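Please read the following briefing alongside the sequence and the model.

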Amino acid sequence: MTRTILISGATSGFGKAIAEKYAAGGDNVIITGRRKERLDELANAINTQGKGKALALCFDVRDRKAVFAAVEGLPKEWATIDVLINNAGLAAGRDWFDEADMEDWETMIDTNVKGLLYLSKAVIPGMKERKAGHIINLGSTAAKEVYEKGNVYCATKSAVEAISQSMRIDLLRFGIKVTTVHPGAAETEFSLVRLKGDTEKAKAVYAGFKPLVAEDVAQVVYFCTSLPEHVCINDLVLTA
Ligand code: NDP
Ligand code: 8X3
């Protein structure tokens, strides 16, 4: 059966690799993010490969109205979302608590927590009606262990973990599965974004060990949605 998978933050890193993995397996993917050119490029690449199809939707997960408009405006053939992958997220800054920029804190809370809530709220009604669906939330090892200068990023990922647990309990009555996947350090654009474009510092984050790559995470996410209907992986941690 061809499934429809909605992936937030598919212009880079995990989200892009996840979209490619599902499409290669024959599923249709709704790819989202703010960078339209990248979305169009990925959609074209997937659509010319002749397996799963891709639909690009450009919006900012922090914009509640835009999130609901995008989901509610889906063409009929794309409107049945089987799997929602809440992946869009970021760290902004790596600073001591007392020196951190409060704009960075707002950005992380608005994206990693509120964005995930908005998209989930927009997608859940359809799943509820069909009494089926699977939501995968991207947490992090930062949800499990706070580290120096990780303060609010770690807090947003702890929030993702708590929200996922609540979702799992509250949505069980509709047969909707909820899985939290917590990767450790993975080399994507994550550090470049966190360190505000400083390529040298971003590269140094992965010096001295072999980090995870986006395809590792995509493989694990795909596996979580490839199990029999009655089986749900609740919480999964993977590290290099
Ligand atoms: P990338 O920076 O490579 O990708 C992040 C994605 O999120 C991009 O597609 C970006 O798209 C999207 N995004 C960010 N902000 C918004 C927004 N406001 N609205 C819509 N989309 C947004 O990072 P990763 O792939 O590494 O990160 C993906 C997720 O995994 C994040 O939630 C991150 O916290 C988490 N994570 C990352 C780890 C790592 O070490 N890399 C480890 C554990 C978890 P665009 O800019 O086009 O909007
Ligand atoms: C991203 C991984 O170790 O930078 O969530 O927090 S880490």
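Ligand 1 sits in the largest pocket, where sitting in a cavity or pocket requires more than half of a molecule's atoms to lie within 2 Å of its grid points. On a 1 Å grid over the protein atoms alone, a pocket is an open set of points with protein on both sides within 12 Å along at least five of seven lines, whereas a cavity is a set of points where a 1.4 Å probe fits but cannot get out. The space taken by ligand 2 is likewise the largest pocket.

This is a predicted model, in which local features need pLDDT of at least 70 and side-chain atom pairs count only at pLDDT 80 or more, while totals for chains, interfaces and linings use all residues. Residues are numbered from 1 along each chain as its sequence is written, chains are lettered from A and ligands numbered from 1 in the order in which they are written, and side-chain values use heavy atoms, with hydrogens and water left out.

**Ligand 1**

- Of the 28 residues around ligand 1, those that come nearest are Thr 11, Ser 12, Arg 34, Tyr 153 and Thr 188, a residue being counted if one of its heavy atoms lies within 4 Å.
- An N or O atom in the side chain of Tyr 153 is 2.7 Å from an oxygen atom of ligand 1.
- Taken alone, ligand 1 exposes 880 Å², of which the protein buries 96%, with areas from the Shrake-Rupley method and a 1.4 Å probe.

**Ligand 2**

- Around ligand 2 are Ser 140, Ala 142, Tyr 147, Tyr 153, Phe 190 and Arg 194.
- By class, this shell has four nonpolar, one polar and one charged residues, with Ala, Val, Leu, Ile, Met, Phe, Trp, Tyr, Cys and Pro counted as nonpolar, Asp, Glu, Lys and Arg as charged, and the others, Gly among them, as polar.
- An oxygen atom of ligand 2 is 2.6 Å from an N or O atom in the side chain of Ser 140, and a polar side-chain atom of Tyr 153 also lies 2.6 Å from an oxygen atom of ligand 2.
- Ligand 2 taken alone exposes 240 Å², and the protein buries 78% of that.

**Cysteines**

- The structure holds zero disulfides (pairs of cysteine sulfur atoms within 2.5 Å).
- Cys 224 is in no disulfide, and the nearest cysteine sulfur, that of Cys 232, is 8.4 Å away.

Key
A polar contact is a pair of N or O atoms within 3.5 Å; within protein, one must be able to donate a hydrogen and the other to accept it, and residues adjacent in sequence count only if both atoms are side-chain atoms. On a 1 Å grid over the protein atoms alone, a cavity is a set of points where a 1.4 Å probe fits but cannot get out, and a pocket is an open set with protein on both sides within 12 Å along at least five of seven lines; lining residues have an atom within 4 Å of a point.
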